[in-house]
Amino acid sequence: IYLLYLLKLTPINYLFMKKLFKLSILALLFIVASCNAPVDKNPEFEANVETAKSFMIAHGTDDIAAQTEMLHDDLLWQPPMYGADQYGKAEHIAALKVYQEMLDDILYTADNWLPGVNAETGELDGSVRTYGTWTGVHAETGQAFSLTSYHTMDFTDGKISAGGDYFDVGGFFASFESATE
């Protein structure tokens, strides 16, 4: 009672403060618990990340055969060119060969490997997204490059079945033209 007098709390205020304190602690615990709640992962995500990493490494080592094995026969790919339509496996392999012939010492350094979601349901679907930087040397000019990019990859039966490359392809190619002038 002496403590109540010092705090100038009436018994009713004291009970209210006690309940408010308990509710505050409970709310704080709820917030902390929800922040640390594990996110359900698609069971195929980790294996798909490893495939995506292997695909990027194979690109850097000009191993088109390994890349071809990782692509699903029904591949649909969105190239980075403005206004370009999606194309299939044969066209994507041809595009990969162009990059590999034009560039040396290709290396992709990922900033991250992120899970993707199904567009209709918003649920994790095992797809992979990655932001990163390609580095290397233009074979003709010897000019080094550093290209920031974003890539998406969907998977079917453990193979890349859809995806796309997103970067400034026009500026990328133009940078080599200005080096030859």
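## A patch on the surface

At 38% relative accessible area, I25 is partly exposed (buried means under 20%, exposed over 50%, and partly exposed in between, with a 1.4 Å probe and protein chains only). Together with F21 and L29, I25 forms a nonpolar surface patch of about 320 Å² accessible area.

Before going further, please note that this is a predicted model, where local features need pLDDT of at least 70, side-chain atom pairs count only at pLDDT 80 or more, and totals for chains, interfaces and linings use all residues. Residues are numbered from 1 along each chain as its sequence is written, and side-chain values use heavy atoms, leaving out hydrogens and water.

## The largest nonpolar core

Now to the inside. The largest nonpolar core has 31 residues, and those touching the most other members are F55, L103, W134, F145, M153, I160 and F172 (a core is a set of buried Ala, Val, Leu, Ile, Met, Phe, Trp, Tyr and Cys residues joined through side-chain atoms within 4.5 Å). Elements giving two or more residues to this core include α4 (64–70), β1 (71–78), β4 (124–138) and α6 (169–180). Helix α3 provides the largest share, 6 residues.

## F145 and its surroundings

F145 belongs to strand β5 and is buried, with a relative accessible area of 10%. Beyond its neighbours within four places in sequence, F145 is in contact with residues including L103, W134, F172 and F176 (contact means heavy atoms within 4.5 Å). W134 is 11 residues from F145 along the chain, and their C-alpha atoms are 7.8 Å apart.

## Aromatic pairs

The structure holds 10 aromatic pairs (Phe, Tyr and Trp rings, the last by its six-membered ring, pair if their centres lie within 6.5 Å; planes under 30 degrees apart are stacked, over 60 edge-to-face, and the rest tilted). Y150 and Y166 make a tilted pair, with ring centres 5.8 Å apart and planes at 40 degrees. This pair links distant parts of the chain, as Y150 lies in strand β5 and Y166 in strand β6 (residues 159–166), 16 residues apart.

F172 and F173 also form a tilted pair, at 5.7 Å centre to centre and 50 degrees between the planes. F172 is buried at 6% relative accessibility, whereas F173 is partly exposed at 27%.

Note on methods
Helix = DSSP H or I, 4+ residues; strand = E, 2+ residues; numbered from the N terminus. Patch = residues over 30% accessible without salt bridge, like charges linked within 9 Å, V, L, I, M, F, W, Y side chains within 5 Å. Areas by Shrake-Rupley, 256 points an atom, 1.4 Å probe, with all protein chains shown as cover. Salt bridge = Lys/Arg side-chain N within 4 Å of Asp/Glu carboxyl O.
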